[in-house]
Amino acid sequence: MPTFANRVDVPYRPDQLFDLVADVDKYPEFLPWCGAARVRTRAETELLADLTIRFGPFQETFASRVSLERPHRIRARYENGPFRYLNNQWVFSPRPAGAQVDFWVDFEFRNRILQAAIGAVFSEAVKRMVSAFIKRARDVYGAPPSTHILTQAADPAALRS
């Protein structure tokens, strides 16, 4: 089923990017297709959150358990909702001019119609989501000193480790 991996160098520190991704309550303010977000529980190393996605005529809410390994890694594991499975991971690695961000997501919806609808635009949708986080970093931390190019990783499996 859809799997996507992206690697991008950005001019922000790993801790700044980590904080943006971990701030789940703010997702509806900037993330495409995120209609609502609610963090049920939050601890230093884990949170449980409900997200509502809206895509065309579809609206689905799901829960994820998110492990927080500040400032380097965020992993989300699906708890319940419309998916057969959902796993994703963000890894933030320091670089001289900021950070390298590795993003990986793999999922399958239970609803075949929704799966077909999302599958048709999945890669573009995930690219827009990653771009939304980068734009959010600019909005929160200011414009970067230079433009960085997004590059997709050749091997999605390489980003799962």
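Q: In what order do the elements of the protein run from the N terminus on?
A: Quick housekeeping: this is a predicted model, residues are numbered from 1 along each chain as its sequence is written, and side-chain values use heavy atoms, leaving out hydrogens and water. Local features need pLDDT of at least 70 and side-chain atom pairs count only at pLDDT 80 or more, while totals for chains, interfaces and linings use all residues. The protein has three helices and eight strands, where helices (H or I, at least four residues) and strands (E, at least two) are DSSP runs numbered from the N terminus. From the N terminus on, they run β-α-α-β-β-β-β-β-β-α-β.

Q: What percentage of the residues in the protein is buried?
A: Buried here means under 20% relative accessible area, exposed means over 50%, and partly exposed is in between (1.4 Å probe, protein chains only). Of the 161 residues in the protein, the buried share is 45%.

Q: Leaving aside neighbours within four places in sequence, which residues is Y27 in contact with?
A: Y27 is among the residues with the most contacts inside the largest core. Contact means heavy atoms within 4.5 Å. With neighbours within four places in sequence set aside, Y27 touches L20, V21, C34, A37, L51 and F133.

Q: Which residue in strand 6 does I74 stand opposite?
A: Strands pair if DSSP finds at least two bridges between them. In strand 6, the residue opposite I74 is W90.

Q: Which residue in strand 5 is the bridge partner of S67?
A: Strand 4 and strand 5 make a hairpin with three residues between them. Their pairing is antiparallel and spans seven bridges. For S67, the partner in strand 5 is R75.

Q: How far apart are the closest N and O atoms in the salt bridge of R40 with D50?
A: A salt bridge is a side-chain nitrogen of Lys or Arg within 4 Å of a carboxyl oxygen of Asp or Glu. R40 counts as partly exposed at 38% relative accessibility, whereas D50 is buried at 12%. The closest N and O atoms of R40 and D50 are apart by 2.9 Å.

Q: Which residues are linked with R65 in a network of salt bridges?
A: A search of the whole structure finds 14 salt bridges. One of them joins the side chains of E79 and R65 (3.1 Å, N to O), linking strand 5 (residues 73-80) to strand 4 (residues 58-69) across 14 residues. Alongside R65, the network includes E46, R77 and E79.

Q: How many residues apart in sequence are the parts that the pair of F83 and F107 ties together?
A: Rings of Phe, Tyr and Trp (its six-membered ring) pair if their centres lie within 6.5 Å; planes under 30 degrees apart count as stacked, over 60 as edge-to-face and the rest as tilted. By this rule there are 13 aromatic pairs. F83 and F107 form an edge-to-face one, 5.7 Å centre to centre with 80 degrees between the planes. F83 lies in strand 6 and F107 in strand 7 (residues 98-109), so the sequence separation of the parts tied together is 24 residues.

Q: Are the rings of W90 and F92 stacked or edge-to-face?
A: W90 and F92 form an aromatic pair 6.2 Å centre to centre. W90 is buried at 6% relative accessibility, and F92 is buried at 2%. With 10 degrees between the planes, the pair is stacked.

Q: Which residues do ring pairs link with W90 and F92 into a cluster?
A: Nonpolar side chains tend to be buried together in soluble globular proteins. Here, W90 and F92 are among the residues with the most contacts inside the largest nonpolar core. Ring pairs link W90 and F92 into a cluster with F18, Y27, F30, F103 and F133.

Methods. Core = buried A, V, L, I, M, F, W, Y, C linked by side-chain atoms within 4.5 Å.
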